[in-house]
Each structure stands twice: as C-alpha cells, then as structure tokens.
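Visitor: I am new to this one. Please show it to me, and then let us talk.

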Amino acid sequence: MDIKEKFNDDTKTWHVSLDGEIDIYNAPELKEKLHKLIEQNPGNIVLDCQNLTYIDSTGLGVLISALRRIKEYDGEITITNLKPYIRKIFVITGLDKIFALEVQGT
Amino acid sequence: MNNDIITLTVPAKPEYVMITRLTSAAFASRLGFDVDQIEDIKMSVAEAIILILNQAVRPKELLIKFMHLGQDIHIDITGQGEWIETNISTQDIDHAQLSRYILGSMMDEVEFKTDNGIIRAICMHKGCGGSS
C-alpha cells in the first residue's frame, strides 16, 4: 500500500490517494496516517481510490474510525474513483450510506 | 479435479492472510469460477480469517482446506494449536459485523463452529464453478 497526501488550504481539504491493497496487515498504518492528518489540519478528506485494488473489513474499520474523528470537526470523507467491485463491498456493509462515494467512470 | 483437496497451514498472523487470498484465487480460477466469483471467494477467505484472528483469543496456526466438490468450492478454516490471549480493541471486535455481512453476501453458505463464544472454525461453500 502506498499513501500520498496533499492539503488544499483554500478548501481545507486533504486529498489522499491510496495505491495497492489495504488489509489486516497494513490497515493500522493507514489508521495512524489518517488520524495524524486530521490532527495536523482538521478539515475534509477526499480519498482517491483510483489505484486501490483491495480493501478488507479492517480497512473499512479504519475509514469508519477516521470518519468518526473528522466529524468531531464537522468534516466529511468523500471516496472517489472506486472500482465497481470495491464499491460492492461498501454496499454490502451499508457503508455507502455513511460515506459519499464516487465510482470510476461515473 | 473433482474431490481434489488443497491444504494450507499458516501462522495465525495478519502478514500471512495475503498468502491465503492468493491461494484461494488461484484454486477458484482453476475450478472455472469467473472473475467476480473469484473476488468474492478471495475476500471471504480473508474475512473468515479476520473473524478468527480478531477475538479475545487467537490460535497459533490456521489450517485452510480448499475442496472441489461437484460444481462447488468448499473452504474450511480451522484455528489450531494453542489459543493465546490478544489485546484486540473493542472497536475491532465491533467491526466483526462487517466481516459477517461480507461472508453472508459473498458465499452461498457459511457455518461458524464456536466454543464458549469463540469462533474456532468457519466452513463455507460457493457454487457455479466450471467443470475443468
């Protein structure tokens, strides 16, 4: 997994791109990173998942935890460029109702 | 290939879940499952393991049996060896429901074998494989 981030001062938004696979092994690394970004600059987060090829329930748990944290600052998490089969996981778990999702090609 | 069985034993640690995912995808592909079904099977194997690992106790090893029966793939995942206490967070335990939703949706049937509230094994199957 590779994480790249950039903060837009005008929109108070972190743009974070996720590359590769997020699973039970590396999910703690993502959690630490997202919580650190929120602490550094509380605002919104846009997660670009164009190159995300896999996410399991521990990865989803990390996103839920980050959303809880960012809501304390009235922020939002938007997830963009999801591959259709990854979006399916968000739908199955009902997380499409709590995150704003944008699928690749839409 | 019918009735063929592949057995895999891995340490019950997060770093080895990827190996089980890759093995399940390769076996399902060989049985003729399509790309979406392979994704489902791969994901289900990982979620079953996550359920066994993210408990108050976890086993030393995981025994994973992949079986081809008729048009189905059967997968049994069993914790074995000594079960040791974990320092898993209540938040991780809360997220177990996500794994259960995924398993229930992606596999045709899932059976949990529990003992004193601890999941010791998970057996599951999915149909519609090819006949190769």
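Visitor: Is N81(A) buried or exposed?
Guide: This is a predicted model, where local features need pLDDT of at least 70, side-chain atom pairs count only at pLDDT 80 or more, and totals for chains, interfaces and linings use all residues. Residues are numbered from 1 along each chain as its sequence is written, with chains lettered from A and ligands numbered from 1 in the order in which they are written. A residue is buried if 20 or more other C-beta atoms, placed from the backbone, lie within 10 Å of its own, exposed if 12 or fewer, and partly exposed in between. N81(A) has 20 such atoms within 10 Å, so N81(A) is buried.

Visitor: Which strand holds N81(A)?
Guide: Strands are DSSP runs of E, at least two residues, and helices are runs of H or I, at least four; both are numbered from the N terminus. N81(A) lies within residues 77–82 of chain A, which form strand β4.

Visitor: Where do the buried residues of α4(B) fall around its axis?
Guide: Helix α4 of chain B spans residues 96–106, and L98(B), S99(B), I102(B), L103(B) and M106(B) are buried there. The arc is that of the directions from the helix axis to the C-beta atoms. These buried residues fall within 130°, so they line one face of the helix.

Visitor: Which element gives the most to the side of chain A that touches chain B?
Guide: Contact is counted when C-beta atoms, placed from the backbone, lie within 7 Å. It takes 13 residues from chain A and 18 residues from chain B. With five residues, the element that gives the most to chain A's side is α2(A).

Conventions. Two residues are in contact if their C-beta atoms, placed from the backbone, lie within 7 Å.
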